[in-house]
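Please read this briefing alongside the sequence and the coordinates. The points after the lead sentences are grouped by topic.

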Amino acid sequence: MTFARDKATSFQWLLLISVFVVATCGLIYELVAGTLASYLLGDSVTQFSTIIGTYLFAMGIGSYLSRFLKNNLLSWFITIELMVGMVGGFSAGVLFILFEQVIYFRVILYSLVILTGTLVGLELPLLMRILKDRIEFSDLVSRIFTFDYIGALFASLLFPLILIPYLGLLRTSFFFGFLNVSVAWVVAHRFQHDIKGYKKLKWSAVVCLALLGTGFALSEKLTALSETLTYPDKIVYAKSSPYQRIVLTRGTNDWRLFLNGNLQFSSLDEYRYHEALIHPGLGRLDHPENVLVLGGGDGMAVREILKYPSIKKITLVDLDNAVTDLFRSNASLRNLNQQSLLSPKIQVINQDAFVWIRDQQETFDFITVDFPDPSNYSLGKLYTTTFYRELYRILSPAGCLVIQSTSPFVARKSFWIVDATLKKSGFLTQAYHCYVPSFGEWGFVLGFKQKLDVPYHFPAGLKFISESTVQPLYSFPPDMTVTESAYNTLNNQVLVNTFEKEWADYTR
């Protein structure tokens, strides 16, 4: 009698622990899909919203379909666990490889999300039906949902704090697929006498574990393969930081940096971009001493700033220490930025600029804002009146700031929204543009507290900017001239939506 009771208790706890693992794995697959879609397709809010909505809808479909599974419920549960582990485990790798190779990538993405969600939706009702004759109904419901919600909390904390920084998306996906299949194997082994077709299920689990374990071991090679198919030049450095995928390529005579697949610079023409970013503003200030650089972790903007002998201090705030460390440690990249990040004048702070700036009381003579384009809401907050008013507060009265403001040709409305947002924040503005071969026409906006009529004083040795070439930069042809623009606030984020639509229309 005692043995039978102990066996029943063991059965209950094993299946309840399975609920915990199932819930953890299910949420991880959801988070992996949302994060991967954000990396590859941009606009994190839209991607996470649609992925989560689709996933939950698919779970509802799975819950409904579970009613049609009548007999051999343990066998069905183990079979579904194997399927969830294989589909969820391999999904990230498949999507990474197919991203640049197929036209209808979104169809494949959402098909995998629906398939995974449907299979996960089958699991919980099956477990409840398996346990319903062994646990009183009120206890069953409370225990099932307690373990389910604890598993969800565990996954939501584990994913951003440990899994993405230390394992990356592919290994995380394979690891939790391995966990799902491990649950299937343990349940099959523990209840082998109660399961029809036990040997077939057991060996299926062993094969799945071997495949997922191989995938986990080869994750870096799979990532390298997908990136080799994406980037035409040789990849010399690739790393996933907690914030982005960093890829550095080397061509015949060219270095290129990509963040989340987006080109940041080409060494052949980056001087055009960085000279245009810095000198039209800094070159009209009278003996600037204290400079703030937001973004620009590659050190190229700092290189240009250091050409002014009056500069005494540069504060560089860049979110990702993986970028600043790379450009401080790699000899070839240090040659590109001329050792700028090793200068005794610079202080590097790896922090979110939106958070950092609120506590600053120091004022700056010149502020450079060199963030990536506002392709998602986390970046869009750095182009809002909320952020620009903080910049206005810390800019010295006779100072100047410059914002990189995307292409006024491709994203004309977006460009002038940046200008309108600066004006709304209290700045006098002056927009300009230049041609950078790797990017095409690119735009910048200067901001002042008071009108500056100081003549330009450019340092010697510039390749692009001079007194004769700077004036034409302020002239816009009719297809790039100012449009009536809304301004971007933290509440409406109109810039992100406009930017996404303009670039999508251009590349379509």
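The second largest pocket has a lining of 17 residues, and those that lie nearest its centre are Ala23, Met59, Val120, Leu124 and Asp148. The elements giving two or more residues to that lining are α1 (2–41), α2 (44–65), α4 (105–131) and α5 (137–166). This is a predicted model, in which local features need pLDDT of at least 70 and side-chain atom pairs count only at pLDDT 80 or more, while totals for chains, interfaces and linings use all residues. Residues are numbered from 1 along each chain as its sequence is written, and side-chain values use heavy atoms, with hydrogens and water left out.

**Overall make-up**

- The secondary structure of the chain comes to 18 helices and 11 strands, where helices (H or I, at least four residues) and strands (E, at least two) are DSSP runs numbered from the N terminus.
- Of the 508 residues of the chain, 53% count as buried, a term that means under 20% relative accessible area, with exposed meaning over 50% and partly exposed in between (1.4 Å probe, protein chains only).
- Taken along the principal axes, the box filled by the C-alpha atoms of the chain is roughly 95 × 45 × 45 Å.

**Pocket and cavity**

- A cavity is, on a 1 Å grid over the protein atoms alone, a set of points where a 1.4 Å probe fits but cannot get out, whereas a pocket is an open set with protein on both sides within 12 Å along at least five of seven lines; lining residues have an atom within 4 Å of a point.
- The space in the second largest pocket is about 250 Å³, a volume being the space filled by probe spheres set on the grid points, which are joined across faces, edges and corners.
- By class, the lining of the second largest pocket has 11 nonpolar, 3 polar and 3 charged residues; here Ala, Val, Leu, Ile, Met, Phe, Trp, Tyr, Cys and Pro count as nonpolar, Asp, Glu, Lys and Arg as charged, and the others, Gly among them, as polar.
- The structure holds 1 cavity of 30 Å³ or more, and about 100 Å³ of space lies in the largest cavity.
- The largest cavity is lined by 14 residues, of which Tyr29, Ala33, Ser91, Val113 and Thr116 are the closest to its centre.
- At least two residues of the lining of the largest cavity come from each of α1, α3 (73–98) and α4, and the largest share, 5 residues, is supplied by α1.
- The lining of the largest cavity divides into 10 nonpolar, 3 polar and 1 charged residues.

**Helix packing**

- Two packed helices are described by the angle between their axes and the distance between the axes; the axes are lines fitted to C-alpha atoms, for helices over the stretch in contact, and angles run from 0 to 180 degrees between N-to-C directions.
- Helix α3 packs with α6 at an angle of about 170°, their axes being 8 Å apart, which means that α3 is roughly antiparallel to α6 (angles under 35 degrees count as roughly parallel, over 145 as roughly antiparallel, 65 to 115 as roughly perpendicular and the rest as oblique).
- The contact of α3 with α6 has 16 nonpolar, 8 polar and 1 charged residues.
- The axes of α6 (residues 168–190) and α7 (residues 198–217) cross at roughly 160° and come within 9 Å, so α6 is roughly antiparallel to α7.
- The crossing of α6 and α7 is left-handed, a label used if the near helix is turned anticlockwise from the far one by less than a right angle, with right-handed used if clockwise.
- Helix α15 (residues 385–394) packs with α16 at an angle of about 55°, with the axes 9 Å apart, so α15 is oblique to α16, and the crossing of the pair is right-handed.

**Individual residues**

- Phe77 is found in helix α3 and is buried, with a relative accessible area of 0%; its C-alpha atom is separated by 7.5 Å from that of Leu127, 50 residues apart along the chain.
- Thr249, in strand β2 (residues 245–250), counts as buried at 2% relative accessibility, and its C-alpha atom is separated by 54 Å from that of Arg129, 120 residues apart along the chain.
- Thr406, in the loop between β9 (395–404) and α16 (412–424), has a positive phi of about 65° although it is not a glycine, and Thr406 is buried, with a relative accessible area of 2%.
- Gln338, which is not a glycine either, has a positive phi of about 55° and is found in the loop between α12 (331–336) and β7 (346–349).
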